Amino acid sequence: MNDEQIENLLHQAPRPAAPAGLLEKLNQGIELPRPAPGTENRLQRETLPESFPKAAASPSEVDAPVGDGWRSRLRHWTPALGFGLFFLSCLVLLGIQASLLSELRRQNTQLHAAAAGLEELHHRDMDAGQRLRARLDELERLRKDHEELLQLRTEVGELRSQALEMAALRTENERLLTELRADRDTGIDEAFFAQQTVEAERIACRNNLRQIGLSIRVWVMDSDGTRYPSSVVQMSNEVSTVQRLICPGDAARQEFGSLSWREFRPAMTSYELHFSGEEAGYREGGGGPHPESIVSKCPIHHNYVRANGSEVQIDPQNWREITIDGRLYLKPVEDPTRNSPP
Amino acid sequence: MKDDEQDLCRRARGGDLSAASELVSRFYERIFAYHRRLCGNHEDAADLTQHTFTRVWRALGSYQGRSSFNTWLHGIAHHVYVDWRRKRNAGEIQSDEWWAAQAAESPGLFEDARERDLCGYLYRCVDQLDEEKKQAIHLHYYQSLSLSETAEALGVATSTVKYRLREALDFLRTKVAEPGVRR
């Protein structure tokens, strides 16, 4: 069977008959849209019988209904109306922009006036700020002075307590010397007492050096902390008696211990002083900028006192003196394990 | 005839019930037959026909006469059937008895029993086509729409309708040529 035969058979497909009553249902279900105004009269006229007098309607009404005329005119004038609306909207926008521009100019003028006042206010604030900054610097300086004063008071208190301790040690020393002399007079082992005498002299020498170190620190702090005394005589207020400047083991200078400060000369002291009015720099911290430097020493007992007030006794075989930038320091001789003096 | 239909449409759009009734009288049997062949029973076909005309009256204001009323009406009927089928979610294939009865109730169309059997077999093969090809067969052959009218009713290009018809004819030719089919 070819395509043509198949198409013929398809064209001859039976048509099912519609059930009875369907037509009536469909006719009852007709819901036509409401006719537009203007077309209603025309349709009524078209369905009227021929015998109805047609003069009741004018020919112009039949040919050109009202709705169609308005529509055609509206369609004709739509481009012009559109352009007119666009032109009007442009005009309105221009007006709004002009109004905004004038408002911005007025605000700009007000801001210029306010900016001039701000400049003057800025200068005034700058002056006040400088004054406040100067006061702040002054307050900062006073605060630092107050802190230094408190520190000095603390150190003075420590020195006073050490002075009391030294007085007690001196009393004990004198008592021991008295007992030693008494024992020597009684003929007890002279070698033992000689050794104890040397040890007592060494301790007394060390106490003298401690007193000298403390006196130097007090003198420096009382002299605004910047310089050392030029000679030992200048520390007459800090060192209690000239006896403190004579080492007990220095027999050649014992006679100078009974002199007054007026009669005493710098060369009469047993101790070497390793400063001569150089800058101390005590403001920058305890002991100045070189706290480990030696300020005084006893050449007899090898006792030393440092710029930070600590005293030390060394064995000359293990330690030696070195001079760096004119300042005296102690350095171990051979033992590499000792990094600092005892 | 087309001018007459256009005039009837214009009058019905203006609210003329007699014109609308005339349109119903002219087309309701064709629309019923279209739905009856597709949906498989008289009750659903009658309902779909009523729905079709309800939509016609509702959309009559938008009908501008660019196509014939027949084509426009078949387009609406097609959409009504598609909506119904989507709600049913499946189609019903016509029973053998229905096609045999239809062939028997059409005396003169088929010469003998052999030809009636062959036609019944052919129409059942049409029901086995996929939905797009089946719609093209129904509108073009069963409803006697032209290719362009079928394309307009389905909303596709004329070339698409040609392609679907060609595919459908190939399928039917293959089915008819199968062994055991009486020719």
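This note walks through a predicted two-chain model, point by point.

1. **Ground rules.** The model is predicted: local features need pLDDT of at least 70, side-chain atom pairs count only at pLDDT 80 or more, and totals for chains, interfaces and linings use all residues. Residues are numbered from 1 along each chain as its sequence is written, while chains are lettered from A and ligands numbered from 1 in the order in which they are written.

2. **Chain A, overall.** Chain A has six helices and six strands. Helices here are DSSP runs of H or I with at least four residues; strands are runs of E with at least two; both are numbered from the N terminus. Along the sequence the pattern is α-α-α-α-α-α-β-β-β-β-β-β. Of its 342 residues, 17% count as buried. A residue is buried if 20 or more other C-beta atoms lie within 10 Å of its own, exposed if 12 or fewer, and partly exposed in between, with C-beta atoms placed from the backbone. Now take contacts in chain A between residues at least 6 apart in sequence: 54% of them join residues at least 24 apart. Two residues are in contact if their C-beta atoms, placed from the backbone, lie within 7 Å.

3. **Chain B, overall.** Chain B has nine helices and zero strands. From the N terminus on, its elements run α-α-α-α-α-α-α-α-α. Of its 183 residues, 40% count as buried. Among contacts in chain B between residues at least 6 apart in sequence, 59% join residues at least 24 apart.

4. **Two residues of chain A.** Look at Glu201(A) in helix 6 (residues 190–222) of chain A. Glu201(A) counts as partly exposed because 19 other C-beta atoms lie within 10 Å. Leaving out residues up to four places away in sequence, Glu201(A) touches Pro248(A) and Gly249(A). His301(A) is 100 residues from Glu201(A) along the chain, yet their C-alpha atoms are separated by 8.8 Å. Next, find Trp319(A) in strand 5 (residues 319–324) of chain A. Trp319(A) is also partly exposed, with 19 other C-beta atoms within 10 Å. The C-alpha atoms of Trp319(A) and Pro332(A) are separated by 4.4 Å, and the two residues are 13 apart along the chain.

5. **Helix 2 against helix 3, chain B.** Two packed helices are described by the angle between their axes and the distance between the axes. Helices 2 and 3 of chain B pack at about 135°, with axes 8 Å apart. Axes are lines fitted to C-alpha atoms, for helices over the stretch in contact; angles run from 0 to 180 degrees between N-to-C directions. That angle makes helix 2 of chain B oblique to helix 3 of chain B. Angles under 35 degrees count as roughly parallel, over 145 as roughly antiparallel, 65 to 115 as roughly perpendicular, and the rest as oblique. Helix 2 of chain B passes helix 3 of chain B in a right-handed crossing. A crossing is right-handed if the near helix is turned clockwise from the far one by less than a right angle, left-handed if anticlockwise. Helix 2 of chain B brings residues including Tyr28(B), Ile31(B) and Phe32(B); helix 3 of chain B brings others, among them Leu48(B) and Phe53(B). This contact of helix 2 with helix 3 of chain B has nine nonpolar, four polar and two charged residues. Ala, Val, Leu, Ile, Met, Phe, Trp, Tyr, Cys and Pro count as nonpolar, Asp, Glu, Lys and Arg as charged, and the others, Gly among them, as polar.

6. **Helix 3 against helix 4, chain B.** The axes of helix 3 (residues 42–59) and helix 4 (residues 69–88) of chain B come within 9 Å and cross at roughly 125°. Helix 3 of chain B is therefore oblique to helix 4 of chain B. The crossing of helix 3 past helix 4 of chain B is right-handed. Residues in this contact include Leu48(B) and Thr52(B) from helix 3 of chain B, and Leu73(B) and Ala77(B) from helix 4 of chain B.

7. **The cores.** A nonpolar core is a set of buried Ala, Val, Leu, Ile, Met, Phe, Trp, Tyr and Cys residues joined through C-beta atoms within 7 Å. The largest has 29 residues, and those with the most contacts inside it include Val24(B), Leu73(B) and Ala77(B). Helices 1, 2, 3 and 4 of chain B each give two or more residues to this core. Helix 2 of chain B gives the most, with twelve. Another core, of 24 residues, lies apart from it and includes Ile216(A) and Val295(A).

8. **Where the chains meet.** Here 42 residues of chain B are in contact with 30 residues of chain A. Helix 2 of chain B supplies the largest share of the chain B side, eleven residues. The chain B side divides into 22 nonpolar, eleven polar and nine charged residues.
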